[in-house]
Structures are given as C-alpha cells and as structure tokens.
Amino acid sequence: MIRLTPLARATEAIPHSGIREIVDAAVEMPGAIRLEVGQPNFATPEHIVEAAIRALDQGWTAYTQTQGLRSLRELIADKLARVNGFEADPDLIACGAGGVSAIAAAFGSVLEPGDEVLISDPAWPNYGLMAAWTHSRVVPYPCPPELDFIPDLERLEALITPRTKMVVVNSPNNPTGAVYPPEVMRALTDMAERHNIWLLSDECYDEIVHEGQSVSPASIVDDGRVISAYSFSKTYAMTGWRLGYVVGPPRLIDSVIKVLESQCSCPSTISQKAAEAALTGPQDCVERMETAYRMRRDQVVAQLQEAGLLTSVPRGAFYIMADVSPSGLSGRDFAFQLLRDWAVAVAPGDAFGDRASRAVRISLASSEEDLAEGVGRLCHLVSELAREA
C-alpha cells in the first residue's frame, strides 16, 4: 500500500465539514428548503456581469500577476480606506481565489508544525482544515451564547502559551452573526501586542452589518502583526467568481504570494475585471442586499423568539443560530432528522464547535418565503420532539 504523506494523514483524521454532509444529502432531495449554505439568493449585480462580458470581448483572458492586477489592488486600497478605516499599499495586497484561498495562504505563511493557533468556538470549520495541513494545533477560545457569542477575553488570554503563534478573529461572525464591539477589538489587538502574536482578522462579511460598527483591527494598530482578509463573495453576491484578498506587512505578503502561486498562479482575470466594476460602480446594490438580510433577520428572530429557540440576535453577516436542545438531540442529529422528515436543510451546530453542539445555523441568504416556511417546520419539529421526550 502506498503510504500517505504526513499532510494527508493530518487531514484524514479530520471529518468532512458537517455543512457539506447536509449539502450532499439535500442535493438528493429535490424540493428541499435550503437554509444551510451561505449562498446569497441575489444575482450578481448587472453592472458587474456586464464588466466581465466586456473583459472577455477585450481579450482579458491571460495570466495576471500572482497577487492580482495592480489596477484592482489600487481600487481595493481605496475601499480599505473608505470602508475599513486604514491605509494599505497596493503592493501589500494579495488577491486569491476567494477569501478562503487568501486566508489559507496566510495560515501557510505564518504557522509551522507544533505552533498553536487560537480559533473561536464556534467558528467556521475551514480554519481547522487549514491548521491541519500546516501541522499546527487548534486551541478553541470560548465565545459563549450568554455573551452574545463575543469572545470571553479573560479565558482567551489564559489559553496563550509560548507555542501560541496566531489568534483568528472573525467579525461579523460566521456562524453566529456576532459583531465585536470596538472595545473588544481594542482588547484583542492589545492582547496580541502583549504576547507578540499574529492577529488574523477574517472580515469577509465586513459590509453586512445590521447594527453597531464593524471595526477592523488594522485601523487600531499598525505595528505589522495584523493580517486582514476580505472577499467579494458576500458583499456583491459573487460567490462563484472566486475572488478575495489579504492585506499584511511586507514579509508576510511576500510569503503569501508564494503560497498563492503554488495554488493557482493567479486569480481569474475576468473575475478581477468584474471586481473592479464592483468597487467603482454603484453601491446601492450592497445596501439593498444588506437591508434584505436585516429584514430576514428580524423575521427569523421573531419566529425563534416565539418558539423559545433564540440564542442571540445577530448583528451582522447573514446567519442566525437556533437552540434545538429542547429536542433532546445534538445539532447534527436534529439537522438530519429535519431534512429527512421535513425537507429542510440547516447546518448542524456541531460543525462549528462544541459550544454550538445543541444548535443549528440558519442562513438568512435564502428567500423570505423559504425562511418563514423552513423555520416554521424547524420550530414544529423541536416542539414535537420535546413532547415525546
């Protein structure tokens, strides 16, 4: 038998994402209500699509620099100053095939075997996969529902050891919708500075904020320890265009570019030209989508509150967590029963960490009608199972 590499053995030990398990099962069930994936139900805005068509007609079909077109990076720098509140040199911006690619390149540039990386519980499961192939160790830090899924700062700092290399912060948050207040971001940057560790800020939902303010750590501290990651996928409904970017200090970005080169040579040139149109074109599309997500959030909050299943009111992104513990089932078992019996797909909380193991994540990126019907069926199943318990 051919032996697996250490990398293959490390990833083999990690189960596939619980989200993907549900997706695979839901695909086999035509007519199921799909509330499990963060896929906007909006079409990519027309001016962005038209820019891509023009790019094709004009012959923009060759390679670009690995880190992306300079013209795009200059526009991204303008956006970072306008939206995120910090200045960035276009040479210190690297574009990848989606936010996931950019974040993975940062993991690969910073982490070494044996390093520890602090990741929130609950958290987007892909961070764990990235840690596996860097042979680093995930140390979960608590973001409990009783704190509205905001980090427990005292317990977080107690987890730091001499092997800690990086802390990952995700606000607005997937899966909880939490938006970390400015004072929490300040405390996190102060902590990273005290302990001389990297802070990777995943801000892929930076322009989907319902209440409060989304604060970029790079706008607080500029000592070269903050890595900021973004995506066009959620803000502009461009998930399939696969374009994201990471910003950081010179030595880090040089390494990130090398990792990206090994992944895909460069992002899609056509997607980059479309992204230029996204940044320079009308922004009312962003506001319209955010308004729709906020209205859906309010609708689902009311449904879950009435059923006694609300864990916390999300203030950003387009997700909400539902407490299914009265059913007596784990998040995973409940999600599969909901799909099997009621044809509704939601993401099991277990996929995001222990603190969400008795919950499920609902995506607000679905239509109002699907949300009303799907969440109604979810509440009915919890009630039904609670009566039988």
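## Cavities

A cavity is a set of grid points where a 1.4 Å probe fits but cannot get out. By this rule the predicted model has 2 cavities of 30 Å³ or more.

The largest cavity has a volume of about 60 Å³. Its lining is formed by K79, D206, E207, Y230, S231, F232, T235, Y236, Y245 and L279. By class, these lining residues are 5 nonpolar, 2 polar and 3 charged. The second largest cavity has a volume of about 30 Å³, and its lining consists of E207, I208, K234, T235, V286, M289, E290 and Y293. Here the division is 4 nonpolar, 1 polar and 3 charged.

## The largest pocket

Rolling a probe the size of a water molecule over the atoms shows where empty space is left. In the largest pocket that space comes to about 600 Å³. The pocket has 27 lining residues, and those nearest its centre are R20, W124, N126, N174 and K234.

Sorted by class, the lining of the largest pocket holds 11 nonpolar, 10 polar and 6 charged residues.

## The second largest pocket

About 520 Å³ of space lies in the second largest pocket. Among its 25 lining residues, P125, D350, A351, F352 and G353 are the closest to the centre.

Helices and strands both take part in this lining: α2, β3 (116-121), α6 and β4 (137-142) each supply at least two residues. The most comes from α6, with 4 residues. The lining of the second largest pocket has 13 nonpolar, 7 polar and 5 charged residues.

## Helices α3 and α10

Two packed helices are described by the angle between their axes and the distance between the axes. For helix α3 (residues 46-57) and helix α10 (residues 269-280), the angle is about 140° and the axes lie 8 Å apart. That angle makes α3 oblique to α10, and the crossing of the two helices is right-handed.

On the α3 side, the contact is made by H47, I48, A51, A52, A55 and L56, which meet I270, K273, A274, A277 and A278 in α10. By class, the contact has 9 nonpolar, 1 polar and 1 charged residues.

## Helices α11 and α13

Helix α11 (residues 284-307) packs with helix α13 (residues 368-388) at an angle of about 15°, and their axes are 10 Å apart. Angles under 35 degrees count as roughly parallel, and α11 and α13 are therefore roughly parallel to each other. The crossing of α11 and α13 is right-handed.

From α11, the residues in contact are R296, Q299, V300, Q303, L304 and A307, and from α13 they are E368, L371, A372, V375, G376 and C379. This contact divides into 7 nonpolar, 3 polar and 2 charged residues.

Technical notes. Residues are numbered from 1 along each chain as its sequence is written. This is a predicted model: local features need pLDDT of at least 70, side-chain atom pairs count only at pLDDT 80 or more; totals for chains, interfaces and linings use all residues. Side-chain values use heavy atoms; hydrogens and water are left out. On a 1 Å grid over the protein atoms alone, a cavity is a set of points where a 1.4 Å probe fits but cannot get out, and a pocket is an open set with protein on both sides within 12 Å along at least five of seven lines; lining residues have an atom within 4 Å of a point. Grid points are joined across faces, edges and corners, and a volume is the space filled by probe spheres set on the points. Ala, Val, Leu, Ile, Met, Phe, Trp, Tyr, Cys and Pro count as nonpolar, Asp, Glu, Lys and Arg as charged, and the others, Gly among them, as polar. Axes are lines fitted to C-alpha atoms, for helices over the stretch in contact, and angles run from 0 to 180 degrees between N-to-C directions. Angles under 35 degrees count as roughly parallel, over 145 as roughly antiparallel, 65 to 115 as roughly perpendicular and the rest as oblique. A crossing is left-handed if the near helix is turned anticlockwise from the far one by less than a right angle, and right-handed if clockwise. Contact means heavy atoms within 4.5 Å.
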